[in-house]
Amino acid sequence: MTERLVIDRLGHRGDGVADTPAGPIYVPYTLPGETVEVAPWNPDRRHLIQVEVASPDRIAPICPHFGTCGGCAMQHLATARYRAWKRGLVVEALAQVGLDAVVDELIDAHGEGRRRAVFHARRGSNDVLEVGFAALRAHRVVAIDRCPILAPALGGAIEAAWAIAEALAGAGKPLDIQTTASDAGLDVDVRGSGPLTAARIGALAQIADRHRIARLTRHGEFVAQRAPPTVSIGRARLVLPPGAFLQATAAGEAALAQLVETHCQDAKTPAKTIADLFCGIGPFALRLAQRARMTALDSDADAIAALARAVAGTQGLKPVDAQVRDLFRRPLLPVELKRFDTVVFDPPRQGAEAQARALATSQVPRLVAVSCNAATFARDARILVDGGYRLTQVTPVDQFLYSAHVELVARFDRTKRQS
């Protein structure tokens, strides 16, 4: 049973939305103004069968897997409209919490493409092994042989993932194969395999050698290493912990870091003592330490250890105090924040509500927020503004090309004293 719908607008996930008397209906891969034929999916979602009347903003996707692979949502939307929609995600999130801030134009930070990817390996229909990305909101894998949004540095990653999956196929377990491009080559961490036999470890070591993998680990445990997987951050060279988090693109990290540095080191009030909260491996701390004393905190002990080693091996940095601390459970309190003239915070997607509440009652003159979730950023920004901060600049950054994800960097300045 099919039906026809007219698409009225784009939702925040990139789905087309038809506003009907029964409520909004969401149809992936459709655009405003289109008339489409759809099939049932669930009460408020439909599968697209065909576009009967196309939008003038519809363009041909760059990937043959688009529409089945769930990795990209917006390859069919013309660039100008895509950029306006993605910037609008930030504007709308702020408006929903009553903040009317000036939002800069979107910065394109895709660069050469994604430098990390997680490939899933599963047994599909007829017990056929499939290696690729998850289908849109479904528990199946779309097998792929190429992906045009991956950086050249991930060349060979798909072939390596297939080889690893085939070597471990006998275990009968679903695998997640996290692959990161390092300066020394691919860094691969395999999740889900269960304990490995000596034979399987040997097979994986041969695959690592054949595919020139810099390091191969299983749940962070060493399997094989050809060279330490390193990345350059500012003037430092850091060895990645297994499965480490990096910004999705090198251009994205550079754009975010440049914005953070600009806010921290403006000509009038350059920062001298900075706290970098949720610092990870230190993409901001290692750069900022060239000009300011740093305190860097994160709950990931391996990331903090890697950051500390990079600091110890790099000349010309001011002191960096790297500490393991769960800022969700133990946010820095106002008494601890007193010694900093600037705080940078870059939390995961859930935001930093507890830390924002502590910052809102602090006297830190300047805050610089980095976020990958406009909604949780807006929630935290509302807390800070209610606490006496002024949201002075918001800059959206697009390193997740064709997706519904947008990064941003924002600056807050203290406008009134707290009693």
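This is a predicted model: local features need pLDDT of at least 70, side-chain atom pairs count only at pLDDT 80 or more; totals for chains, interfaces and linings use all residues.
Residues are numbered from 1 along each chain as its sequence is written, and side-chain values use heavy atoms, without hydrogens or water. Local features need pLDDT of at least 70 and side-chain atom pairs pLDDT 80 or more, while totals for chains, interfaces and linings use all residues.

Helices (H or I, at least four residues) and strands (E, at least two) are DSSP runs, numbered from the N terminus. Helix α4 covers residues 250-264, 15 residues in total. Its first and last C-alpha atoms lie 21 Å apart, close to the expected 21 Å. That expected span is 1.5 Å times one less than the number of residues. Several α4 residues are buried, among them L256, L259, V260 and H263. Buried means under 20% relative accessible area, with a 1.4 Å probe and protein chains only.

Two packed helices are described by the angle between their axes and the distance between the axes. Helix α1 (residues 79-96) packs with helix α9 (residues 374-386) at about 35 degrees, and the axes are 8 Å apart. Axes are lines fitted to C-alpha atoms over the stretch in contact, and angles run from 0 to 180 degrees between N-to-C directions. From α1, the contact (heavy atoms within 4.5 Å) uses L89, V90, A93 and L94. From α9, A374, A375, F377 and A378 take part.

D413 sits in strand β23 (residues 407-414). D413 counts as buried because its relative accessibility is 14%. Beyond neighbours within four places in sequence, D413 is in contact with P365, R366, G388, Y389, R390 and T392.

Definitions and conventions: Buried means under 20% relative accessible area, exposed over 50%, partly exposed in between (1.4 Å probe, protein chains only).
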